[in-house]
Amino acid sequence: DPQENYINGIKASMQKWNVETTDIDAYLAQGIVVNQETILTQKYIALFLQPYEAWAEYRRTKYPKTLLFPGQSHELIAPGPQQQTDYTFTPANGLTDLPERVTYPTDLNLVNKVNKDAAAARIGGDLMNSKLIWAQ
């Protein structure tokens, strides 16, 4: 039963991280429906100690849908006298989604500029939103 397996997986993960039983029960009482989005969102959450893998999963699936994207704002609770503030995700380099790739290191220009420029040209430029070969 997919629903039962999903619930058992969430319970096992939360128990591993020493989440209180009452908090686990409260989370599961929300009546989560098992579908592709909820499964992939839980996978993303479970990868929180593996940020590069979580990033790769987002690029592969475009889940979770709860991330803050470039240009979006969200109310945050922050330490200090204000206690509450709004945060707007202002991206670098005009991104409209999370980066597709990391740009080449700048010191590569010192040791291999010709080949770096040729490789960048083949993928549409050394840009954070240039798709990787498998994502074309």
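These exercises work through a predicted model of a protein.

**Exercise 1. State how many helices and strands the protein has, and in which order the elements run.**

Solution. Start with the count. There are 5 helices and 2 strands. The order is α-α-α-α-β-β-α.

**Exercise 2. Compare the radius of gyration of the protein with that of a compact globule of 136 residues.**

Solution. Next, look at the box that the C-alpha atoms fill. Along the principal axes, this box is roughly 60 × 45 × 25 Å. Then turn to burial. Of the 136 residues, 25% count as buried.

**Exercise 3. Classify the ring pair of Y58 and F69 as stacked, tilted or edge-to-face.**

Solution. A pair of aromatic rings is described by the distance of the centres and the angle of the planes. The centres of Y58 and F69 are 5.9 Å apart. Pairing requires centres within 6.5 Å. The planes stand at 40 degrees, so the pair is tilted. Now place the residues. Y58 lies in helix α4, residues 51-61. F69 lies in the loop between α4 and β1. The pair therefore ties together parts that are 11 residues apart in sequence.

**Exercise 4. Decide whether Y58 and F69 are buried or exposed.**

Solution. Buried means under 20% relative accessible area. Y58 has 3% relative accessibility, so Y58 counts as buried. F69 has 16%, so F69 counts as buried.

**Exercise 5. Find which charged residues sit over the rings of Y63 and Y104.**

Solution. Take Y63. The charged end of K65 sits over its ring, 5.2 Å from the centre. Take Y104. R101 lies over its face, at 5.0 Å from the ring centre.

Conventions. Residues are numbered from 1 along each chain as its sequence is written. This is a predicted model: local features need pLDDT of at least 70, side-chain atom pairs count only at pLDDT 80 or more; totals for chains, interfaces and linings use all residues. Side-chain values use heavy atoms; hydrogens and water are left out. Rings of Phe, Tyr and Trp (its six-membered ring) pair if their centres lie within 6.5 Å; planes under 30 degrees apart count as stacked, over 60 as edge-to-face and the rest as tilted. Helices (H or I, at least four residues) and strands (E, at least two) are DSSP runs, numbered from the N terminus. Buried means under 20% relative accessible area, exposed over 50%, partly exposed in between (1.4 Å probe, protein chains only). A charge sits over a ring if NZ of Lys or CZ of Arg is within 6 Å of the ring centre and within 35 degrees of the ring normal. The radius of gyration is taken over C-alpha atoms; the globule rule is 2.2 Å times the number of residues to the power 0.38.
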